[in-house]
Amino acid sequence: MHLARFPRLKFAHLPTPLEPMERLSKELGGPEIWIKRDDCTGLSTGGNKTRKLEFLMAEAEAMNADIVMTQGATQSNHARQTAAFASKLGMKCHILLEDRTGYDDHNYNDNANVLLDHLHGATTAKFPGGHDMPGEMEKAAQAARADGKTVYVIPGGGSNPTGALGYVNCALELLSQANESGLVIDHLVHATGSSGTQAGLIVGLKALNAGIPLLGFGTRAPQPKQEQMVFDLACKTADKLGCSGIVTREDVRADTSYVGEGYGLPRQDTLEAIRMFAELEGILLDPVYSGKGAAGLIDYARKGHFKKGERVVFLHTGGSAALFGYDAFFTNTSLAQAAE
């Protein structure tokens, strides 16, 4: 496994901290919980997509791209980080945003990540939910190419074998930090959506024969679809690295019990997790990804799925900027009740 042979722009603030959450651990009264702070990767409040973009945007630079295009939901963290990365490279950025929630709140549609997209100089186009977003992105790319532009297209979430390399690298980084601190990791958990983070981690952990169980808490797709997406991408990522066959279907575990009504729709346990992390640890989560991942972590600890004394690492995928698009859930009683 030779990551160094792939082009990479080292803009992320790495390594990200690995630190204990003592007050949360005490509150839950069972496992010893640690957090891997990938909300601290830098570039416009950080997040997990910055690791992926180090490899993706290196490809864009290598092809002398004039413009980078990507797509995601209205409050996409990936879109915001792509826009920030493009601004640092002096590239144009165009983002296709899909309405997956139906919220008509001003802050949701124009503030938070959307505001940051525009501050970084990106242009955006909005589409109703259920649209063929990859197809719309290809149409936009073809139009730009017809205008003489060199376009680099990034899939939603930056989740392809190139982007997943960022989380192969994260696995190496995490194991090095754990070794230095004498931390034996019994479980690694995180929020999983477009699958690149989990796929990359699986490949990295398997390549190093780490033996650490990895669990993704789903944020959108049903369990069979989520696990199949992760497995397919993990296999392609392993192929890209020259270590085909190291990933088995049994390596891929996702629990989608905490998705609720759908993507971007927080449940009461999502809101509780956000409050607990904020009040006990001074750490901000988001209602779309990390909040649902943390809700799963908390519920597993309460139910004894993580045993007393076991060391559990929660990978914080970032996204706190989205909170400012969801302020009504914390100030509007009817919305908070609707999440129950």
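Hi everyone, a quick word on the ground rules. We are looking at a predicted model, where local features need pLDDT of at least 70, side-chain atom pairs count only at pLDDT 80 or more, and totals for chains, interfaces and linings use all residues. Residues are numbered from 1 along each chain as its sequence is written, and side-chain values use heavy atoms, with hydrogens and water left out.

So, helix 8, residues 196-207. Helices here are DSSP runs of H or I with at least four residues, strands are runs of E with at least two, and both are numbered from the N terminus. Of the 12 residues, 10 are buried, meaning under 20% relative accessible area with a 1.4 Å probe, protein chains only. The buried ones include Gln 198 and Ile 202, and their packing partners include helix 2 (49-62) and strand 10 (311-316).

Now over to Ala 73, in strand 3 (residues 67-73). Ala 73 is buried, at a relative accessible area of 3%. Setting aside neighbours within four places in sequence, Ala 73 is in contact with Leu 97, Glu 98, Arg 100 and Tyr 263, where contact means heavy atoms within 4.5 Å.

Notes. Expected span 1.5 Å × (residues − 1). Buried < 20%, exposed > 50% of the residue type's maximum accessible area, 1.4 Å probe, protein only.
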